[in-house]
Structure formats: C-alpha cells, structure tokens
Amino acid sequence: MTYREKEKQIPLNDRYDVIVVGSGPSGMSASVTAARNGMKVLLIEWQGSVGGISTTGLMSHFTGTCDSKLYREILQYSADKNPYNTGECTIAIDPELLKITYCEMLRAAGVDLLLYTFCCGAITDNNRLTGIITEGKSGRMAYTAQIIIDCTGDGDVAAKAGAEYFKGRESDGKMQPATLMFKVGGVDYSRAVFPGSFETEVQTEKGELQALARKKLPSPAGHVLLYKSSLPGIVTCNMTNCTDIDGTITEDLTRAELTCRSQMEPIVSFLREYAPGYENCYIISAASLIGIRETRHFKGVSQLTETDILEARQFDDAVVKGAHFNFDVHNITGAGLDKTGVQKEFSQENGYTIPYGCLVPEKVDGLLLSGRNISGTHMAHSNFRAMPICVGIGEACGAAAALSVKQRKNLRDIDAESIQKLIF
Ligand SMILES: Cc1cc2nc3c(=O)[nH]c(=O)nc-3n(C[C@H](O)[C@H](O)[C@H](O)COP(=O)(O)OP(=O)(O)OC[C@H]3O[C@@H](n4cnc5c(N)ncnc54)[C@H](O)[C@@H]3O)c2cc1C
C-alpha cells in the first residue's frame, strides 16, 4: 500500500557555498576545513550533539592513525581541555569533552550548525546534486549549495542523489554487526584487566576471559573488549553485538538497539563475576546512537582496495596520507572476529594513502563522499573506517570543496596537487 503525499511549497535557503551532512569525525573535519578556506558552511546533523560515533556513539578511543593536521589538532585540543590529563595527547575519548572541543572548533571556524535535522532528500539537476531537503521540528526545508559533502556514514545523501553503491561484502552483501557502546563505573583500575582486541587472552582464576564470554554471554554477544577512559574508575565496553543488521533500515536499527540493550545487564553481571577489578562495576551510560559499522560503499572515480592497504600504496593523487590500521572485520555471523579480519596477521607497518578519486562519485557532480562512505571495498573499508583516517578524509573533502567553489571547477576537475598544498 502507498500514500501519495500532497505537493507543497517549502522554504528554500541558498546562502551557503558548502553543506556538510553528518557531524561525525569526517563531517566535523570537512566543515572546519572548508570554513577555514573561506567557505560559508552549513553543517547538518540528525542527532542533538555533534561528533557522530566518536561522541554520541560513546566511543572509547581513536584507533589507528593518519598523518592529518586536523587529527593532531583535535587530540591536542581535547588534551588541553581534560582536567585529568597531564597535557599529553591521548587517544582515549571523553565524549562530553570531545563534543565541547568540536563545538568550539566549529564556532571558531565560523561554521553554521543545525542539530536535530535529518536530511531526507536530494535536489538534483540532471547528474548534478544542487541541494538537499531536510526535516526537523520546524518542518521541511530545502537548502541549495555549490558543493554538498556526504558525511552521514551511510551515504544517505549520495544514495538519494542517485550515486551507485553496493552494500556490505561483495560476495553476499552481509554487513558488519552493530554495537551499542556503554560505560561502566566503579572499576578498580589497580587490578582491572583491559582486553583491547579480540585476540587478547586474559587468564583469570576462573578461566580464560574470552572463552568464558563465549560460553556465558547471550549470543551473538560473546567477546570482551574493555577500554580505559580518561576518567577515574570508568571503563568503556565494546561488547554488545547484533548481527544481520542493515543500518539503512529503520526496523533493523530498532532491533539492533533493543538487542544490544538487552545484553547490557548480562554483560555487567558477567564482568562482576569473572573480570578482575570489575567486581563492583555498574552501568553509568549507554550511547544514544547505535554503532553501525558498515552499510553502503559507493562507486567512485577510484576505489581503494585491500591490496592498496597491504602494499601501503603511495598514490600520486593522494589526498589522505599516513593512514594506518589493521583490517577490522567483526564476525558477521556471531561474536568475535571474522576470519578475514585476523588482526595479528596484519604486518604492514607503513601508512597508506587514499587517492582523490575515492571521494568523487563516478556519476554525480556537486557531491563529495567522505568518512566511512567513500569508495572502497568491504575489506579496505574495515580499515579506513577508523576515526583518525575519517578525519583525514573529511579534511581532504573540505579542501576540495573550497577549491571547487573558488576555481569554479567541477569537483572531478580539481587537481589533487592543489588539495595536497592546502592540507599536507
Ligand atoms: C561500535 C563501533 C566501535 C568502533 N570503534 C572504533 C574505535 O575504537 N576507534 C576508531 O577509531 N573507530 C572506531 N569505530 C569506527 C568509527 O567510529 C566510524 O567508522 C567513524 O566514526 C565514521 O566516521 P564518519 O564521520 O564517517 O561517520 P559517523 O561517525 O558515523 O557520523 C555520521 C553522522 O551523520 C549523522 N547522520 C546520519 N544520517 C544522517 C542524515 N540522513 N541526516 C543528518 N545527519 C545524519 C549521524 O547522526 C552521525 O552523527 C567504531 C565504530 C563502531 C560502530
């Protein structure tokens, strides 16, 4: 059954050069970089706070690295803010302080911000994206801009604009599982264990912790990932798990949220019983945004592959450099790690680069792909989805957008060297 909506006139705002949709690590850096390069920028975010998975998703820490000035700036800015920090940069995230950091950086750069605003449509003219439609408390709005940067993680704008994509693994379309991050307090740090990867085994008096988790936790939960926070006695748990989720389907998002939430109490009981240092731990907060790892992969002018990463390839038209992380594919059908994502077998120590073409959709003009929704294979994505690399990608997008507006050139005609000059 369908319902035909009535056509209606809606307000149109055409004051912006660049619109960024999604304020995660890549949207944040794309907005700041475009604004610092003279653009009038509007950042649109569905949630009530900025930062995407890095903050609203209650993230534990930045993993991997990227040779990005903005990434270093974010770490330093957050370190300077943290009263528990000695001033040293740390990769551990305090989500509330990171939100404040992001807000201050956006304000200083002169970015206009609209929270609680969902981008639900694209305005196109032949193969060009010229604007977006949004929904919010004040109703439906249209915005036009010369360049629109899709930092939604799922590529919502690009999909609406008609850019080609595939979902998940090339072989069967299956996507990485979802996780609701949460924090526990009351942990005795002097005795606590912090298994930071699926492959970290912890021997306790009652047995090996990962093996116990596989046996005791409600499936598909069943692994132990615990991270130190920058706050005393507080630990971030990356342990809830929901498989068979498509993060672009509302019913699936709801199921993931409910499944993960139902695992939280059993996980805390497990930690209290089996994990040294967690005997008195209790839940203090859970993410208000479910953690979706993987959805759409778009078809760009170029595509980043597993081999590019394994060979630490240095592209001439690179716009992201010094990107480093292992492949990180969570088990698509259960707990733990997928066999393709064995982290200890990743031996490349050198950073790789990402060519500009991965940010430019093959067929749609006026649009840049950013963060985890750039053009790459399922395996490459499991690596570049790490937040430092997403910051580097956003930085490149912000610079490319500014150059395109200033030089009055199509995005695909922008020379990667001129982007490099702005951000490297
Ligand atoms: C559970 C989990 C654990 C992870 N652990 C780590 C880790 O330890 N370290 C690490 O470095 N990386 C980690 N990652 C990966 C990393 O967090 C993400 O890949 C990264 O945040 C992606 O950045 P992004 O800017 O592309 O998108 P996101 O951070 O996903 O942000 C997208 C933003 O867009 C907004 N949005 C979405 N759709 C719309 C729309 N239609 N309209 C308006 N706004 C919209 C969202 O609300 C969100 O704020 C983890 C990811 C998950 C899910």
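How far is an oxygen atom of the ligand from a polar backbone atom of M387? The separation is 2.9 Å.

The model is predicted: local features need pLDDT of at least 70, side-chain atom pairs count only at pLDDT 80 or more, and totals for chains, interfaces and linings use all residues. Residues are numbered from 1 along each chain as its sequence is written, and side-chain values use heavy atoms, with hydrogens and water left out.

**View 1. Polar atoms around the ligand.** M387 places a polar backbone atom 2.9 Å from an oxygen atom of the ligand. Taken alone, the ligand exposes 1000 Å², and the protein buries 96% of that. Accessible areas come from the Shrake-Rupley method with a 1.4 Å probe; for residues, only the protein chains shown count as cover. T63 brings a polar side-chain atom to 2.8 Å from a nitrogen atom of the ligand. At P25, a polar backbone atom is 3.4 Å from a ligand oxygen atom.

**View 2. The shell around the ligand.** The ligand is surrounded by 35 residues. The closest are E45, H61, T63, D156 and R385. By class, the shell holds 15 nonpolar, 15 polar and five charged residues. Here Ala, Val, Leu, Ile, Met, Phe, Trp, Tyr, Cys and Pro count as nonpolar, Asp, Glu, Lys and Arg as charged, and the others, Gly among them, as polar. Helix α9 gives the largest share of the shell, three residues.

**View 3. Helix α1.** Residues 25-36 form helix α1, with 12 residues. Helices (H or I, at least four residues) and strands (E, at least two) are DSSP runs, numbered from the N terminus. From first C-alpha to last, α1 reaches 17 Å, close to the 16 Å expected at 1.5 Å a residue. That expected span is 1.5 Å times one less than the number of residues. Of the 12 residues of α1, 11 are buried, so the helix is largely enclosed by the rest of the structure. Buried means under 20% relative accessible area, exposed over 50%, and partly exposed in between (1.4 Å probe, protein chains only). The buried residues include P25, M28 and V32. Just after α1, G38 takes a positive phi of about 90°.

**View 4. V20 in strand β2.** V20 sits in β2, residues 18-21. V20 counts as buried because its relative accessibility is 0%. Beyond residues up to four places away in sequence, V20 touches G27, A30, S31, V41, L42, L43, I44, I149 and C151. Contact means heavy atoms within 4.5 Å. V20 and L337 are 317 residues apart in sequence and 33 Å apart in space, C-alpha to C-alpha.

**View 5. D328 and its partner R385.** D328 lies in the loop between β17 (318-323) and β18 (352-355). With 10% relative accessibility, D328 counts as buried. The side chains of D328 and R385 are joined by a polar contact of 3.2 Å. A polar contact is a pair of N or O atoms within 3.5 Å; within protein, one must be able to donate a hydrogen and the other to accept it, and residues adjacent in sequence count only if both atoms are side-chain atoms. Leaving aside neighbours within four places in sequence, D328 is in contact with Q176, F198, L337, Q343, S382 and R385.

**View 6. V187 in its loop.** The loop between β10 (182-185) and β11 (203-204) holds V187. V187 is buried, with a relative accessible area of 7%. Apart from neighbours within four places in sequence, the contacts of V187 are A192, G233, V235, G277, Y278 and C281. V187 and L310 are 123 residues apart in sequence and 38 Å apart in space, C-alpha to C-alpha.

View 7. The peptide bond from S219 to P220 is cis, with omega near 10°. P220 is found in the loop between α5 (209-216) and β13 (226-228). D244 has a positive phi of about 60° although it is not a glycine. The loop between β14 (235-237) and α6 (250-274) contains D244. D244 is partly exposed, at 48% relative accessible area. R408, also not a glycine, has a positive phi near 50°. R408 lies in the loop between α9 and α10 (416-423). At 78% relative accessibility, R408 counts as exposed.

Methods:
Near = heavy atom within 4 Å.
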